[in-house]
Every structure is written in structure tokens, then in C-alpha cells.
Amino acid sequence: MDYEMTAFEKEMEQNLLELRSNLLAKISKSDSDFQNLVGSSGTGDSVDIASDDLASKKMEAIGKIDAGKLNAINQALVRIRNGKYGVCAMCGKKIPEDRLRAIPYALLCMPCKRSSER
Ligand SMILES: [Zn+2]
């Protein structure tokens, strides 16, 4: 399948890839902070339990904000490659370019976004 991307889509793809690598860098940074935290204490059963606890806390923190955003970015990248980028996932209308420039991973137009938040 060869979809010819428009200049706008190419631009947005670059933006999305950049957003994604920034997000992944942020996640792996918190990952190494986490490693330092766990690595500073010795090894043993009690540490395993503590690190499990930390891991779940960390996943919780990353999960809420970043996983949702990462997911939206990935979806937007798939949509660009399918030629469906910039089309609202709910009503099928085109999302204005201004909105996409502000939020490149937006999957809904403003009216649908508003009604989904209600
Ligand atoms: Zn819509």
C-alpha cells in the first residue's frame, strides 16, 4: 500500500516522531532514576518486595499521563500512513489544520472532543 503523504502530513509526522522520542526519553529517564533507587540497596527478598512496590508506583505515575499520550501519538502515526490523518475518529469530518498544529496527536475535532468530555 503506497499512500502519498501531503506536505502537511509529512510535517505532522516529523512533529509526532519528535514528540514520541521526547516522551520515550522522559520515560527512560524516570526509568534510570528508578534503577538508581533500586540499585542503591542490596539484594535479597525484602528488596524484591520493595522494588515491586516501586515498580507499580512508577507504572502508575507514567501510565496515567504518558501512556495515554504515547498511545495517541502512535495512533496518529498509523493514521498518517493510512491516509486517515486529520479525520475525526468520531464524526469523520476533517480536523482543522490549526488544531492539528497545536495538538498533532488529536484524534477528534473540537465539537467531538467537547462532547466526549461531557
Ligand atoms: Zn468530530
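**View 1. Lys-26 in helix 1.** Lys-26 sits in helix 1, residues 7–39; helices are DSSP runs of H or I with at least four residues, numbered from the N terminus. The model is predicted: local features need pLDDT of at least 70, side-chain atom pairs count only at pLDDT 80 or more, and totals for chains, interfaces and linings use all residues. Residues are numbered from 1 along each chain as its sequence is written. Lys-26 is partly exposed because 13 other C-beta atoms lie within 10 Å; a residue is buried with 20 or more other C-beta atoms within 10 Å of its own, exposed with 12 or fewer, and partly exposed in between, C-beta atoms being placed from the backbone. Between Lys-26 and Asp-66, 40 residues apart in sequence, the C-alpha to C-alpha distance is 9.2 Å.

**View 2. Ala-55 in helix 2.** Helix 2, residues 45–82, contains Ala-55. Ala-55 has 12 C-beta neighbours inside 10 Å and therefore counts as exposed. Gln-35 is 20 residues from Ala-55 in sequence, and their C-alpha atoms are 9.8 Å apart.

**View 3. The largest nonpolar core.** This core has 10 residues: Met-12, Leu-16, Ile-73, Ala-76, Ile-80, Tyr-85, Ile-95, Leu-100, Tyr-105 and Cys-109. Helix 2 contributes the most, 3 residues, and helix 1 and helix 2 each supply at least two. A nonpolar core is a set of buried Ala, Val, Leu, Ile, Met, Phe, Trp, Tyr and Cys residues joined through C-beta atoms within 7 Å.

**View 4. Contacts of Ile-95.** Leaving out residues up to four places away in sequence, Ile-95 touches Gly-86, Val-87, Cys-88, Leu-100, Ala-106 and Cys-109. Contact requires C-beta atoms, placed from the backbone, within 7 Å.

Definitions and conventions. Two residues are in contact if their C-beta atoms, placed from the backbone, lie within 7 Å.
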